[in-house]
Amino acid sequence: MAAAAAAEAECDVVMAAPDGPGETDSDEEARREAEAFKEQGNAYYAKKDYNEAFNYYTKAIDTCPNNASYYGNRAATLMMLGRFREALEDAQQSVRLDDSFVRGHLREGKCHLSLGNAMAASRCFQRVLELDHKNTQAQQELKNATTVLEYEKIAEVDFEKRDFRKVVFCMDRALEFAPACHRFKILKAECLALLGRYPEAQSVASDILRMDSTNADALYVRGLCLYYEDCIEKAVQFFVQALRMAPDHEKACLACRNAKALKAKKEDGNKAFKKGNYKLAYELYTEALGIDPNNIKTNAKLYCNRGTVNSKLRKLEEAIDDCTNAVKLDDTYVKAYLRRAQCYMDTEQYEDAVRDYEKVYQTEKTKEHKQLLKNAQVELKKSKRKDYYKILGVNKNASEDEIKKAYRKRALMHHPDRHSGASAEVQKEEEKKFKEVGEAFTILSDPKKKARYDSGQDLEEDGLNMGEFDPNNIFKAFFSGPGGFSFEGREQDDCVVHPPVSLEQC
């Protein structure tokens, strides 16, 4: 675009007018020597050898420093080399020497526009139109300058609205007319950083720093990218460097303060966690989360850390919420998915756990993640069967004696004879529960069946058909012996057990 913007920056080929009636022979000789240098510059310019053209125009200026066309030609050459600031100085000098120099005003305006100063450019093009109201080039360039001003205004409003995508769009359009404007590039880079497009933002800032290593705005953007990528220590270094170049740089000052505060709070939270002071760690991570809502990656880690704290405090639902916030901010955050999946497992939300472990395994196909997924899938499968431990009212680590005692209690509680006087609906429900208690005892009292059940395997493979299961046979076998048992002669809520069988908690 720089070359396109200067494509019409032709060199001037007319001979320079004599300096005045009092010109001496030496002056005439200098003028002729300068013209020779200019002609050589024009020849190199026509060949697009702009460096050599620059050298000869410089010789012409050194020989006759008061000739506007020499400055104008060197300005045109510098524009073709993309050196717009230097070109601007030459163009301004050319019109100082000759205010009626149309091409000088045009080149000054185009340099201003390329550097992003559309207001100054407009004044130059208007001056051209005062000198030559039919100048079509000036008319078009004036429209271009107006367009740039409009994009600037729109971008300013959209930045305040935090519509960073639209700002990037406006700056891209403005840079088509102002390719050398660092201000537009920096604004675009800053918005790219705020959109999370860090490599693009870094590239723009780095290009500027290669040309101007002291550019505080570019240093700030480099630091901003590192800050948002959770490289906080390196980010602080760039912010400090930017503040050395521009002590009043408000954005760099605020970002530096936020970066230091985030780093300190996060580290303090980590120390408290390692010491087992989970309450303090929770408070510190919460405070850190309030520092800068725009720092997505760091906040994702803080949410995950706080989720870990909540899991240690057995606040599992709160831990799940924190991990959910973490993956909302960074959907590639494997550690947050793993932490949430474990909390889902601990709260028996197995379908959610399987979903998270699947996400993790798709991202990182390790043996460990594969096993975690498999375990969750087994637990999910088990959760869809009858929970025999829950039916008996024991935990999964119950001993053989605890299982027997639990069966004794539940079998007597739900035995149909005990509810013979109840409604048909109650009798049906109690009969169902009695059968389930028998099923549970049949499985959990047999070590092999229990092992298969615990591993999530299909019990039908053992030849056990629960559809044909008779719970009364288990009951009779369990309470077999002299005297037996009887529910007769008692209220339904009582159970009469005759010796030698001793029943606890009937």
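This is a predicted model: local features need pLDDT of at least 70, side-chain atom pairs count only at pLDDT 80 or more; totals for chains, interfaces and linings use all residues.
Residues 216-249 are 79% helix and 0% strand.

Asp292 sits in the loop that links α15 (278-289) to α16 (296-312). The residue is buried but forms no salt bridge. Its nearest side chain of opposite charge belongs to Arg162, 7.0 Å away. A salt bridge requires the charged atoms to be within 4 Å. Asp292 does have polar partners. Its side chain makes a polar contact with the side chain of Tyr227 at 2.7 Å. The Asp292 side chain also reaches the backbone nitrogen of Asn294, at 2.9 Å. Leaving aside residues up to four places away in sequence, Asp292 touches Tyr227, Tyr228, Asn258 and Asn299.

The cysteines were considered next. A disulfide is a covalent bond between the sulfur atoms of two cysteines. The structure holds 0 disulfides. For Cys304, the closest cysteine sulfur is that of Cys323. The two sulfurs are 5.0 Å apart, so they are too far from each other for a bond. The cut-off for a disulfide is 2.5 Å. Cys304 is buried, with a relative accessible area of 0%. Cys181 is also buried, and its relative accessible area is 1%.

Key
Residues are numbered from 1 along each chain as its sequence is written. Side-chain values use heavy atoms; hydrogens and water are left out. Helices (H or I, at least four residues) and strands (E, at least two) are DSSP runs, numbered from the N terminus. Buried means under 20% relative accessible area, exposed over 50%, partly exposed in between (1.4 Å probe, protein chains only). Lys and Arg count as positive and Asp and Glu as negative; His and the chain ends are not counted. A polar contact is a pair of N or O atoms within 3.5 Å; within protein, one must be able to donate a hydrogen and the other to accept it, and residues adjacent in sequence count only if both atoms are side-chain atoms. Contact means heavy atoms within 4.5 Å.
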